Each structure stands twice: as C-alpha cells, then as structure tokens.
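Visitor: I am new to this structure. Please pick a single part, look at it closely, and then show me what lies around it.

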Amino acid sequence: MMSDNVKNEKVKFEVLSGVVGQETKLQKVFRKVPPMIMLCMAWLLFMFIVAVFWEQFAPFDYEEQDLANRLAVPKIFGGTDTTHFLGTDSLGRDFLSRLIRSIRTSLLVAFCGTIITAILGTALGFVAAHFRGWVDEAIMMMVDFQYSLPFMILALLVIAFFGNNLVFFVFLLGIEGWNKYARMSRGMALSAQNNGYAVAIRQLGASPVRLYTKHILPNVSNILIVELTLNFPAKILAETSLSFLGLGIQPPDTSLGSLLSFGRAYMMTNWWLAVIPGLTIFLTTLSMCLLGDWVRDTIDPTIRK
Amino acid sequence: MHVKYFLVKTLRAFITTFLLVVFVFFVLRITGDPAQAMLPDDATEEDYIEFRQLWGLDKPLMEQFYVYCKNFLHGDFGQSYKDGRDVFEIISQRLPKSVWLMGMSIIFSIVVGLPLGIYAALHRNSFGDRFIMGTAVFGFSMPNFFLGIMFILIFSMKLHWLPSAGSDTWLHLLMPMITIGMTRMGSYARYTRSAMLNVLSKPYIITAKAKGANRNRMVYLHALPNAAIPIVTVIGTSIGHMVGGSVVIENVFAWPGIGRLLVSSVAVRDLPVVQAIVIIMGLAMVLANLLVDFTYGLLDPRIRVTAGDK
C-alpha cells in the first residue's frame with residue numbers, strides 16, 4: 001500500500017510539473033484506468049451528452065401525440081414502423097424522444113439534488129464542528145433522527161402534506177443523504193481545527209467563513225468527492241423510485257422512473273417500453289458506482305477498505 | 001452485564017421516538033389549518049367543530065401536542081378520508097402482511113448473504129469470490145422496482161411459474177422477498193468477506209491453524225463470532241433502506257401491506273392514514289435500531305463497558 005502511495009505521488013508530481021510530455025502524460029493517466037472503468041466513463045459521457053443536447057438528439061417532440069399510431073412496433077423488434085426507431089407509446093408519442101427527454105430530466109434532477117445535499121450536509125457539519133456545544137448536539141441529534149427515518153418515508157410524508165412541483169421535488173431530493181456528509185465533514189473539521197495550519201490561519205485573523213471555505217474545505221475535498229460520486233447513483237434511484245410510484249416528476253414532463261411505470265402495462269406485447277428505461281437507469285447507476293469505488297481507491301489509498 | 005449501556009440506548013430510542021412525533025406534529029401545522037388538511041372536502045361545519053375539539057385545536061400549542069400524543073397512545077389516529085373508517089383498524093389489518101414480507105426478506109438476505117461472504121473470504125481471489133463481489137455492486141445499483149418487473153416478465157408472464165400479484169401463498173412471497181433481499185444480500189456478502197478476512201489474519205487464528213485445529217471449528221467458532229460486529233452494523237444500517245425499498249416493491253407486486261397503503265394514501269392525500277403509517281414505520285425503525293444496539297452490547301463486552309461509562 002505504501003509503495004502504491006509513493007508511486008501515485010510520483011505520477012502526480014510528474015503530471016503536475018510537466019516533466020512528462022503531453023502524449024505520455026495522457027498515456028500514463030489512461031494506462032492506470034482499468035478497461036471496465038473506461039467503459040463506465042464512456043457510458044456516463046454518452047448520457048451526459050444526451051442530457052445536455054437532448055433537443056438535438058430527439059427526432060420528434062416528446063409530447064406530440066398520434067392516436068392513430070399507438071404502441072407501434074419498430075423494425076428492430078420485428079415490427080413494421082420505420083419512422084419511429086423505438087416505436088411509440090400508448091398515446092402514439094415517439095418513444096425514443098421520450099426516453100431522451102427522460103434521461104435529461106432524471107440526470108438533471110439527480111445532479112441538482114446531489115449538489116444541494118453536498119452543500120447542505122457539509123455546511124451543517126462545519127457549523128456543528130465550529131460552534132460545538134448545543135449547536136453540535138442539535139445537529140447530531142438531527143443526523144441520528146434522519147438515520148431512523150428512511151428517506152423514502154420522509155419524502156412520501158412531505159409530498160402528501162405539501163403537494164409536489166419540480167423545484168420543490170429537487171430540494172426534497174437534496175435532503176437524501178445529508179446526514180452522511182454532515183457526520184463526515186464534522187469529523188474532518190474537528191481534526192483539522194487542531195492541525196497547525198488551521199490554528200495559524202485563525203491567529204492571523206481570518207474569519208471563520210474564510211477558514212472553512214478557503215482552507216479546511218480544500219483539505220477535506222478528496223473524501224467529499226468520493227461521497228459525491230456514491231451519492232449521485234443513490235439520488236437517481238430515489239428520484240426514479242418516487243417517479244415510478246407516480247409521486248415524483250409529474251406529467252407532462254417525464255422521467256426514467258415514470259417511463260418505466262407506464263411501460264409496465266404493456267409488457268406482454270411491447271416489453272421494451274419498460275425494459276429500456278430500466279436498463280438505462282441500471283447502467284447509469286452501475287457505472288457511477290464502479291467509477292466511485294475506483295475514484296475512492298485511486299484518490300486516497302489510505303481510505304482503502 | 002452493564003445495565004447502564006442498555007438504559008442509555010433505550011433512552012435514546014425514546015428521544016428519537018419523541019422527535020419523530022414532534023416532527024410529524026409540526027409538519028401538519030406548517031401546512032396551515034390542520035382541520036382543513038385532515039378533513040375531507042365535503043366535511044360539514046359540525047365535523048370541523050368536532051375535529052377541533054377532539055384534537056384540542058382551540059387550545060395553546062403545548063396543550064395541543066399533549067392531546068396529540070395522548071390520542072396516539074390510545075391508538076386514535078383519526079378517520080380515513082376515503083371511506084371514513086378508523087385508521088387504526090385499516091392499518092392493523094395490513095400491518096401483519098408487511099411485517100411478514102419484511103421479516104422474510106431480512107432473513108433471506110442474511111441466510112444467503114453471510115454464507116456467500118464466508119465462502120468468498122475462504123476462497124479469496126477465486127472465480128467464486130470475484131463473482132460474489134460482482135453481484136454486490138449489481139445489487140446496489142439495480143433499481144429494485146426494475147428487478148421486480150423483470151422477475152414478473154420472466155417468471156410470471158413468460159414461464160408462468162409464479163403469481164405476479166397478491167400474498168395468499170408461499171409462491172406469492174417468493175418474488176417480492178427475493179427482490180427486496182437481493183439489493184442488500186450483496187452488500188452483506190461484501191462486508192462479511194472483509195470482516196472475515198480481517199479476523200482470519202489475526203494471530204489467534206494463525207495459532208489455531210498451527211495447532212492443527214479443525215478448519216470448520218476454526219472458522220465458525222473462532223473467526224465468525226469475532227467478525228460479527230461489523231456485520232451486525234451493516235445489517236442494522238440497511239434496515240432503513242429495506243423498509244424504503246419494500247414500499248416500492250409492495251406496489252410492484254400488489255402486496256396488500258402498509259407500504260402500498262401509504263403510496264395510495266399519499267396519491268389522494270389521505271393525511272390521517274399517511275401520518276399514522278409514517279409514525280408506525282418510524283417506530284419500527286427505532287425498535288430495529290435498538291435491537292441492533294442490544295445485539296452489539298451482547299456481542300462485544302468492550303462496547304457496553306465504554307459506552308456505559310460515558
């Protein structure tokens with residue numbers, strides 16, 4: 001493990017200082033990436049491009065209905081429809097366009113949710129570590145409370161009482177997993193406070209906000225990035241689960257979860273209406289999980305399990 | 001036996017339960033007038049007066065909270081919007097089904113996951129080990145509702161082996177149980193493996209090996225009890241995930257439990273039912289966590305001594 005660490009440091013040094021030439025530098029980075037991880041990255045990049053340029057990719061309007069051409073079977077699944085690559089759904093809407101729009105919605109919502117959770121959780125952890133005393137106690141009590149109430153149940157309660165719209169839903173997803181960030185950032189901030197650099201910066205007269213955002217945050221960012229990559233798939237699963245139950249993303253908009261839920265009714269005849277959205281979710285979360293595991297092992301060999 | 005450890009843990013459980021009730025109480029009040037939220041649209045003026053009196057809504061907040069807790073302790077959760085039936089009655093009809101499914105799913109994931117983890121640890125880096133670790137990642141990233149739908153497509157629609165909906169027989173139980181269990185089974189195997197590998201490299205195991213101890217005896221009598229603590233931790237923390245997952249899975253397989261009731265009640269905003277189910281589920285989680293803490297204390301004397309002295 002130690003020699004790995006040294007080797008990593010050496011590579012990092014060479015890359016940063018430009019000792020290695022342009023091409024070999026890239027080669028060096030890529031040689032360390034296992035083929036499986038390359039595949040994951042490629043898939044995620046593909047999903048990202050689809051999500052960003054969804055309007056260019058979608059061949060039809062995702063809301064446009066054609067009731068005369070419902071549940072059309074496309075050519076690739078042994079049908080006759082050649083204009084719609086993946087056929088149409090129960091209202092005659094182009095399924096490929098709906099799939100592309102869903103990828104965009106699901107990824108965008110999960111991405112925003114992940115960012116909100118990271119900021120909220122980390123900030124609360126820092127606040128707890130900075131003020132200690134009853135503030136710390138109160139925040140840690142909330143963390144414990146969150147552990148005893150599954151997010152799914154909490155989300156259903158809140159949706160039942162307050163109703164649902166897109167912005168509200170994104171913030172609701174932002175609650176999922178905040179307790180993990182809070183617990184982690186609190187622990188790291190507590191140990192950083194006793195480090196020489198934090199003491200020195202404080203005595204130089206820096207404000208607490210500056211100390212935490214400019215100095216402690218960069219020092220603990222490695223572990224937070226790892227948590228980020230593991231939280232993102234959990235977000236996708238939370239969003240698609242709620243949308244699958246019909247309580248997340250609301251029509252006319254569509255997400256991978258609601259697409260799968262609608263496709264369920266036609267599984268006997270048009271099985272791909274359910275299977276393709278499901279596979280898309282699965283491949284995305286799987287890629288993200290594998291990538292997250294790999295990043296964790298690469299970024300910081302000391303937290304290797 | 002350190003009584004203090006168990007007392008501290010029980011006290012914490014009570015505090016969490018209290019917080020849960022406070023939380024639900026305030027969520028209801030943030031929405032505005034609880035009477036308006038909790039009564040159906042066609043409620044008469046008399047219904048409103050009766051409701052306000054029952055829950056003490058004309059009294060100060062602290063007294064309202066007291067009445068609120070008292071009603072819950074009496075099992076009075078109000079009446080459902082949909083059919084006016086007593087919420088407690090509706091839930092007590094459905095609860096056994098959910099407890100049955102949850103219990104069997106947890107047992108399934110432990111009974112399958114633990115031996116797989118032990119096998120992987122004993123045959124480290126073999127094909128079996130790699131395969132088992134692969135399924136762990138698979139289980140975590142597979143959306144459980146998709147897995148359930150795939151099961152229905154294959155085993156109900158194509159092969160006609162298993163029923164796709166209902167809860168009447170053992171055959172009905174099989175698919176939902178495996179679907180809920182699958183997502184956690186892999187992570188149990190993974191943690192069991194790493195805990196076992198950790199213990200197996202300890203000097204006392206090497207000594208036992210050097211003395212020529214029976215392999216099975218060594219693994220199950222010496223190594224496993226010592227590897228149990230991280231395994232219990234993982235099982236404890238994953239129960240919440242499983243409860244959340246079971247809500248979705250009950251809907252996929254039309255399982256008549258409280259998870260399905262919860263979702264249909266949220267959809268029509270049947271708030272008295274939603275509120276009661278959330279409190280019952282939260283209570284179940286608190287009890288499960290308490291059980292895990294007790295198991296810790298029994299498994300590892302060090303924990304109950306240090307935590308009790310705090």
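Guide: A helix axis here is a line fitted to C-alpha atoms over the stretch in contact, and angles between N-to-C directions run from 0 to 180 degrees. Keep in mind that this is a predicted model.

Start in chain B, with two helices. Helix H5 of chain B covers residues 87-122, and helix H8 of chain B covers residues 170-200. They pack at an angle of about 35°. Their axes are 5 Å apart. The crossing of H5(B) and H8(B) is right-handed. What kinds of residues make up the contact of H5(B) with H8(B)? There are 22 nonpolar ones, six polar and three charged.

Now go to chain A for another pair. Helix H10 of chain A runs over residues 196-203, and helix H11 of chain A over residues 208-244. The angle between them is about 150°, with axes 11 Å apart. Angles over 145 degrees count as roughly antiparallel, so H10(A) and H11(A) are roughly antiparallel to each other. Their crossing is right-handed. On the H10(A) side, the residues in contact are Tyr197(A), Ala198(A), Ile201(A) and Arg202(A). They meet Leu211(A), His215(A) and Ile216(A) of H11(A). Five residues of this contact are nonpolar, one is polar and one is charged.

Step back to the whole of chain A. It has 13 helices and zero strands. Chain A has 305 residues, and 39% of them count as buried. Take the contacts in chain A with a separation of 6 or more: 68% of them join residues 24 or more positions apart.

Chain A also touches chain B. Each chain brings 37 residues to that contact. In chain A, helix H6 (133-148), helix H7 (151-162), H11 and helix H13 (272-299) each supply at least two residues to the side that touches chain B. H7(A) gives the most, with nine residues. The side of chain A that touches chain B divides into 28 nonpolar, six polar and three charged residues.

Next, the nonpolar cores. The largest has 109 residues. Those with the most contacts inside it are Leu156(A), Leu262(B), Val274(B) and Ile277(B). Helix H10 of chain B, residues 215-252, gives the most to this core, with 13 residues. Look at Val274(B). Beyond its neighbours within four places in sequence, it is in contact with Leu157(A) and Ala160(A) from chain A, and with Leu262(B), Ser265(B) and Val266(B) from chain B. A second, separate core has 17 residues, among them Val143(A), Ala182(A), Met188(A) and Ala192(A).

End with one residue. Is Leu259(A) buried or exposed? It has 30 C-beta neighbours inside 10 Å, and 20 or more make a residue buried, so Leu259(A) counts as buried. Leu259(A) lies in helix H12 of chain A, residues 256-263. Leaving out residues up to four places away in sequence, Leu259(A) touches Arg98(A), Leu99(A), Ser102(A), Thr254(A) and Pro277(A). Asn195(A) is another matter. Leu259(A) and Asn195(A) are 64 residues apart in sequence. In space, they are 51 Å apart, C-alpha to C-alpha.

Technical notes: Residues numbered from 1 in each chain as written. Chains lettered and ligands numbered in written order. Predicted model: local features only at pLDDT ≥ 70, side-chain atom pairs only at ≥ 80, totals over all residues. Helix = DSSP H or I, 4+ residues; strand = E, 2+ residues; numbered from the N terminus. Parallel < 35°, antiparallel > 145°, perpendicular 65-115°, else oblique. Left-handed = near helix turned anticlockwise from the far one by under 90°. Contact = placed C-beta atoms within 7 Å. Nonpolar A, V, L, I, M, F, W, Y, C, P; charged D, E, K, R; others polar. Buried ≥ 20, exposed ≤ 12 C-beta atoms within 10 Å, placed from the backbone. Core = buried A, V, L, I, M, F, W, Y, C linked by C-beta atoms within 7 Å.
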